[in-house]
Amino acid sequence: MKKADNNSFLEFLEKDIIKNFYLCDNIVNSGKDGYAIKSVEIYTTDGTPSDDYVVLTENIFDELIIEVKTSTEILISDIFSHIKKVAKKYKKLRIGANDTDFFSSAIFKKYFKLQKTYYADFGVFAHFSKNDLIEFDIPQNVSIQTETDFSKYSDCDDENWDGLESLIKYKSETDKLFVIKENDEFCGYLMANNSYKNIYDIANVFVSEKYRGKNYGAYLTSYFAKYCYENNFIPHYGTAISKYSEDVAEKCGFKESYRQHYADVKFKFISL
């Protein structure tokens, strides 16, 4: 097992940049002020970038997340042995895998005691081609726009507008706010951020309860995707948080790229 050079691995990951967006984003932005990821280390059997790897991500909450992207037992065993040596410095160890069967595998059980599992009900969604773009016939009394004056919505409190006040308060210069109105009354919004290259990732889509059931979430998402393509950006949906969210993503041409499951663990033979 050898640690790969992050810059070399980043170049490798960018060959499928849409699917690997979150890892690329973490590599580039880790350690920066205001970013939750402190460090990213990637390991392969010989240090050469490949599709068989394990990622160790340390966050600002003193948690270590181990993303297992390999079925090579020697690499997995070496990683687990390495983690054993450093585990006491972390408040929590969390392991991520694409297949839930990993948590019942012999190699997992050899090293770890399972504390809590977080099986993903929904996946990570992405737009892979401009050809996937879906547009809707929007009613005449409904309008969508890219908002330039964020301050007009700064009094929309977090409780009633699903975090909009905080999103505006902590927005970056590149964040985009898309709003939907019915008869000029504010109904909902989509906030997207750009932290890596030309990819815009949806931070939140929200429609006020009064206006739900009218397809407004899909209208916003479709408008966002079209805006991205027209301005040489790539639209990314991210992790769906509900069946409704997943349906909106699929309705607008986003496809599931992967699904990650997690488990909080303790080593069987050390006391944390």
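The dialogue below treats aromatic rings, charges over rings, and strands.

Reply: Please keep in mind that this is a predicted model.

Me: How is a pair of aromatic rings described?

Reply: A pair of aromatic rings is described by the distance between the centres and the angle between the planes. This structure holds 24 aromatic pairs. In the pair of Phe108 and Phe112, the ring centres are 5.7 Å apart and the planes lie at 40°, so the pair is tilted. The planes of Tyr111 and Phe112 lie at 45°, with the centres 6.5 Å apart, so this pair is tilted.

Me: Are Phe108 and Phe112 buried or exposed?

Reply: Both Phe108 and Phe112 are buried. Tyr111 and Phe112 are both buried. Ring pairs link these residues into a cluster, whose members include Phe80, Phe102 and Phe267.

Me: Which charged end sits over the ring of Tyr118?

Reply: The charged end of Arg94 does, 4.5 Å from the ring centre. In another case, Lys69 lies over the face of Tyr258, 5.1 Å from the centre of that ring.

Me: In which sense do strands β10 and β11 pair?

Reply: Strands β10 and β11 pair in the antiparallel sense, over seven bridges. The two strands form a hairpin with two residues between them, and Lys197 in the turn has a positive phi of about 50°. Tyr196 has Ile199 in β11 as its bridge partner.

Me: How many bridges join β11 to β12?

Reply: Three bridges join β11 to β12, and these strands run parallel. From β11 the chain crosses through helix α7 to β12, and this β-α-β crossover is right-handed. Strand β11 is mostly covered, with seven of its nine residues buried.

Conventions: Residues numbered from 1 in each chain as written. Predicted model: local features only at pLDDT ≥ 70, side-chain atom pairs only at ≥ 80, totals over all residues. Heavy atoms only, no water. Phe/Tyr/Trp six-rings, centres within 6.5 Å; stacked < 30°, edge-to-face > 60°. Buried < 20%, exposed > 50% of the residue type's maximum accessible area, 1.4 Å probe, protein only. Lys NZ or Arg CZ within 6 Å of the ring centre and 35° of its normal. Helix = DSSP H or I, 4+ residues; strand = E, 2+ residues; numbered from the N terminus. Pairing = 2+ DSSP bridges. Right-handed = clockwise from strand over helix to strand, strands pointing away.
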